[in-house]
Amino acid sequence: MEEGLLQNYGYLFEDALLAEMQEVGLVKKYGQGTVIMDIGETISHMPLLLNGAIKILREDENGDELLLYFLERGDTCAMTFSCCVGTHKSEIRAVAESDTELIMIPVDKMEAWMSKYATWRQFILDSYHTRMTELLETVDTIAFLRMDERLLKHLQDKAMVNHDEYVQTTHQDIAYDLNTSRVVISRLLKKLEKEGKIEMQRNRIKVIDL
C-alpha cells in the first residue's frame with residue numbers, strides 16, 4: 001500500500017496499528033454505482049473508506065431496496081463487522097455513491113485488533129453508535145415525515161456526503177432509494193422546486209435548502 005493513504009486515520013490510531021494496516025490492507029477502487037458488497041455475500045474483509053461515499057441498502061422479499069444510511073471518508077460500516085463476527089454473510093448491499101477508494105482489512109485482523117488496540121476498539125464502538133443513530137433517523141423519517149420531507153432530507157444527505165450542492169442522480173434512482181415510484185418522485189421534485197428548496201437542472205439537482 002502506498003504511503004500516506006491512511007493519513008485520514010492518523011489522528012485515530014497509534015503508529016503500530018497504522019503500520020499493521022499498511023501491511024495487510026488491500027486498496028480497492030470502485031466507480032460510481034458499482035456494487036461493493038451484496039446481500040448474502042461471504043465477508044472476508046471490512047472496508048475503511050478513504051475517499052468518496054457509499055450508500056448502504058437493505059432489500060425486502062420482493063427485491064425492493066431501502067436506503068439505510070451513507071458512509072463518507074473516515075467511516076466504516078459496523079454492520080459489516082457485526083456480520084463478520086456472526087454469520088460471515090452480508091445482510092446489506094453497499095453501492096458506491098461516487099467514485100470511491102477503500103482499504104479492505106482482513107476479518108481475522110479486525111477481531112485480533114479489538115483486544116490488541118484500544119483505539120481500534122473505540123473506533124468500532126463509535127461506528128456502532130453512529131450507524132445506530134443513523135438507522136433510528138431512517139426509521140423516524142419513514143414513520144413521521146411526509147414523502148416530500150423524506151425526499152428533501154435524502155437530497156440534503158446526498159449533497160452533504162458528496163460535499164457538493166449539486167446532486168448527480170435520476171428520478172428513478174431516487175425512487176429506488178426511497179422505495180417509491182418515479183412518478184411520485186417527479187411530482188414531489190416539482191413541488192420542492194416551486195417552494196425554492198431545490199433547482200432542477202439537466203441530469204442534476206441543486207439543493208438550495210441545505
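The following paragraphs describe the overall form of a predicted protein model and then several of its residues.

The protein contains 7 helices and 10 strands. Its radius of gyration is 18 Å, close to the 17 Å that the globule rule gives for 210 residues, and the protein is therefore as compact as a globular protein of that length. Along the principal axes, the C-alpha atoms fill a box of roughly 55 × 35 × 25 Å. Of the 210 residues, 43% are buried. When contacts between residues at least 6 apart in sequence are considered, 72% of them join residues at least 24 apart.

The accessible surface of the protein amounts to about 11000 Å², and carbon and sulfur atoms account for 50% of this area. With regard to charge, the protein carries 24 positive and 36 negative side chains. The centres of these two sets lie 6 Å apart.

Attention now turns to individual residues, beginning with a glutamate in a helix. E20 is located in helix α1, which spans residues 15–24. The relative accessible area of E20 is 14%; this value is under 20%, and E20 is therefore classed as buried. Two polar contacts involve the side chain of E20. One of them, at 3.0 Å, is made with the side chain of W113, and another, at 2.6 Å, joins the side chains of E20 and Y117. Once residues up to four places away in sequence are set aside, E20 touches K109, W113, K116 and Y117.

L67 belongs to strand β5, which covers residues 65–72. The relative accessibility of L67 is 9%, and because this is under 20%, L67 counts as buried. Leaving out residues up to four places away in sequence, L67 touches K55, I56, L57, T138, H154 and D177. For one of these residues, I56, the separation from L67 is 11 residues in sequence and 6.1 Å in space, C-alpha to C-alpha.

Most residues other than glycine have a negative phi. In H163, by contrast, phi is positive, near 55°, although the residue is not glycine. H163 lies in the loop between α5 (147–161) and β8 (166–167). Its relative accessibility is 65%; since this value is over 50%, H163 counts as exposed. A positive phi, near 65°, is also found in N203, again a residue other than glycine. N203 is placed in the loop between β9 (198–201) and β10 (204–207). With a relative accessible area of 56%, N203 is exposed as well.

The loop between β9 and β10 also holds R202. The relative accessible area of R202 is 76%, and this residue is therefore exposed. R202 and L152 are separated by 50 residues in sequence, and their C-alpha atoms lie 18 Å apart in space.

In summary, the residues described include buried positions, namely E20 in helix α1 and L67 in strand β5. They also include exposed loop positions, namely H163 between α5 and β8, together with R202 and N203 between β9 and β10.

Technical notes
Residues are numbered from 1 along each chain as its sequence is written. This is a predicted model: local features need pLDDT of at least 70, side-chain atom pairs count only at pLDDT 80 or more; totals for chains, interfaces and linings use all residues. Side-chain values use heavy atoms; hydrogens and water are left out. Helices (H or I, at least four residues) and strands (E, at least two) are DSSP runs, numbered from the N terminus. The radius of gyration is taken over C-alpha atoms; the globule rule is 2.2 Å times the number of residues to the power 0.38. Buried means under 20% relative accessible area, exposed over 50%, partly exposed in between (1.4 Å probe, protein chains only). Contact means heavy atoms within 4.5 Å. Accessible areas come from the Shrake-Rupley method with a 1.4 Å probe; for residues, only the protein chains shown count as cover. Lys and Arg count as positive and Asp and Glu as negative; His and the chain ends are not counted. The place of a charge is taken as NZ of Lys, CZ of Arg, CG of Asp or CD of Glu. A polar contact is a pair of N or O atoms within 3.5 Å; within protein, one must be able to donate a hydrogen and the other to accept it, and residues adjacent in sequence count only if both atoms are side-chain atoms.
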